[in-house]
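Morning, everyone. Let's walk through one chain together, piece by piece. Please have the sequence and the model up on your screens.

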Amino acid sequence: LAPLAARWRIGPGTISRVITHVTDGGAPVNLSSTVIDRAVSQHLERRLGDVAERQKWLPALADMVLPSDIMDSLTEFLARMRLHRRVFDEWGMTRIATTGRGITALFQGPPGTGKTMVAGALARELGIELYRVDLSRVMSKWIGETEKNLANVFSAAEEGQAIILFDEADSLFSKRSEVKSASDKFANLEVNYLLQRLDSFIGVAILTTNMGAAIDSAFKRRLQFRIHFPIPDEEQREQLWRAHVPPTLPVTDDLDFADLAKRYPLTGGSVRNCVMRAAFLAAAEDKPLGQDYLVRAIRLEYRAAGKLSETGPLE
């Protein structure tokens with residue numbers, strides 16, 4: 001039972017409900033930790049289901065193509081998560097860190113640079129679940145409803161030791177504004193609630209944004225990690241092209257990933273889209289994937305983004 005106690009921060013009432021659920025109200029007989037673990041996970045999903053979605057596909061961190069300084073920050077993130085109990089409980093650091101004991105991070109950078117994928121990779125590396133918060137279902141026009149929804153998200157994440165992901169977080173964690181109307185006043189109240197809740201939060205939360213400057217500076221001060229995801233350089237782009245062409249994909253001998261990396265300053269998300277487009281173009285003509293299909297796909301990707309020139313960044 002020790003691993004279950006370490007994984008889940010749930011109270012007696014929740015434990016009783018979970019055991020009653022898995023035993024159909026009878027006496028617990030030969031219950032495995034796997035069965036209990038699955039039942040608690042289902043309980044967490046029920047609690048978060050109205051405002052967040054569990055991410056079922058999580059990439060591997062080893063497959064990520066990232067700069068070394070970002071990998072160093074992610075290594076520290078993982079260490080904090082794995083050694084959190086030792087440092088705070090066994091070593092008594094709770095006497096010093098009375099607030100801000102949660103693990104919180106801001107991932108900022110252009111679209112397609114891997115912010116959301118890295119959040120999933122961290123969850124997979126830690127063996128915990130990732131819930132993507134649906135801000136359209138959290139934010140409400142009714143006074144107090146947004147705070148109520150957020151309270152449920154944070155408390156459920158603390159119970160379940162899950163990572164909660166606020167994608168496009170600038171819409172929720174934006175800078176406080178001068179009060180000129182009632183809506184400004186209530187928007188600032190929501191921000192103030194979030195600031196207070198982050199101080200007492202003991203779970204794991206990741207915020208992603210394409211516009212880091214829009215995040216309130218008070219939030220940034222409360223986040224342990226602020227990681228900028230840049231446009232990949234030429235060497236990283238070549239690695240991305242190679243990583244996105246699986247060995248099962250039929251290809252010709254003329255593929256030149258170095259040339260593509262040099263000519264087109266694309267992000268990882270755009271590289272993925274181009275390889276997918278090229279694969280379908282080749283399949284439609286019943287031919288193996290060649291350099292010409294990748295170049296055609298890149299042109300289509302630029303056109304889809306409203307770009308006439310293919311020499312600059314896509315975003």
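Start with helix α13, residues 268-284. This is a predicted model, so keep that in mind throughout. The helix has 17 residues and reaches 24 Å from its first C-alpha to its last, close to the 24 Å expected at 1.5 Å a residue. Confidence in the chain is highest here, at a mean of 96.

Which residues of α13 are buried? They are Gly 268, Gly 269, Ser 270, Val 271, Cys 274, Val 275, Ala 278 and Ala 282. Look at the spacing in the later part of that list. An α-helix has 3.6 residues a turn, so residues three or four places apart point the same way. The cover over those buried residues includes α11, residues 234-243, and α14, residues 291-304.

Now step off the end of the helix. Just after α13 comes Asp 286, with a positive phi of about 55°. Asp 286 is not a glycine. It sits in the loop between α13 and α14. Buried or exposed? Asp 286 is exposed, at a relative accessible area of 72%; the cut-off for exposed is over 50%.

Zoom out to the whole chain. We have 14 helices and six strands. Of the 315 residues, 44% are buried. The accessible surface comes to about 16,600 Å², and carbon and sulfur atoms hold 53% of that. Take the contacts between residues at least 6 apart in sequence: 76% of them join residues at least 24 apart.

A word on confidence. Mean pLDDT for the chain is 83, and 87% of residues reach 70 or more. The lowest stretch is helix α1, residues 2-7, at a mean of 61.

Next, the sheet. What is the strand order? It runs β1-β3-β4-β5-β2-β6, an open sheet of six strands with mixed pairing. β1 and β6 stand at the edges with a single partner strand each, so one side of each is left without a neighbour in the sheet. On average, neighbouring strands are turned by 20° against each other, direction ignored.

Let's cross it strand by strand. β1, residues 52-54, pairs with β3, residues 130-133, in the antiparallel sense over three bridges. Ala 52 stands opposite Val 133 there. β3 then pairs with β4, residues 163-166, in the parallel sense, again over three bridges. Arg 132 faces Leu 165 across that pairing, standing opposite it. β4 and β5 are parallel over four bridges, and Ile 163 has Val 204 in β5 as its bridge partner. β5 and β2 are parallel over six bridges, with Leu 106 opposite Leu 207. Finally, β2, residues 103-108, pairs with β6 in the parallel sense over four bridges. Gln 108 stands opposite His 228 in that pair.

Stay on β5 for a moment. Six of its six residues are buried. In a regular strand the side chains alternate between the two faces of the sheet. In β5, Val 204, Ile 206 and Thr 208 are on one side, Ala 205, Leu 207 and Thr 209 are on the other, and all are buried, so both faces are covered.

What lies across the sheet? Helix α6, residues 115-126, lies across β2, β3, β4 and β5, running at about 175° to β4. Helix α8, residues 145-160, lies across β3 and β4, at about 145° to β4.

What does Phe 107 touch, leaving out residues up to four places away in sequence? The contacts include Leu 74, Val 118, Ala 119, Leu 122, Ile 206, Leu 207, Ile 227 and Phe 229.

Last stop, Glu 168. Phe 107 and Glu 168 are 61 residues apart in sequence, yet 10.0 Å apart in space, C-alpha to C-alpha. Glu 168 is in the loop between β4 and α9, residues 182-200. Phi is near 50°, a positive value in a residue other than glycine. At 39% relative accessibility, Glu 168 counts as partly exposed.

That's the tour. Questions are welcome.

How values were computed:
Residues are numbered from 1 along each chain as its sequence is written. This is a predicted model: local features need pLDDT of at least 70, side-chain atom pairs count only at pLDDT 80 or more; totals for chains, interfaces and linings use all residues. Side-chain values use heavy atoms; hydrogens and water are left out. Helices (H or I, at least four residues) and strands (E, at least two) are DSSP runs, numbered from the N terminus. The expected span of a helix is 1.5 Å times one less than its number of residues. Buried means under 20% relative accessible area, exposed over 50%, partly exposed in between (1.4 Å probe, protein chains only). Contact means heavy atoms within 4.5 Å. Accessible areas come from the Shrake-Rupley method with a 1.4 Å probe; for residues, only the protein chains shown count as cover. pLDDT is the predictor's confidence in each residue, from 0 to 100. Two strands pair if DSSP finds at least two bridges between them. Axes are lines fitted to C-alpha atoms, for helices over the stretch in contact, and angles run from 0 to 180 degrees between N-to-C directions.
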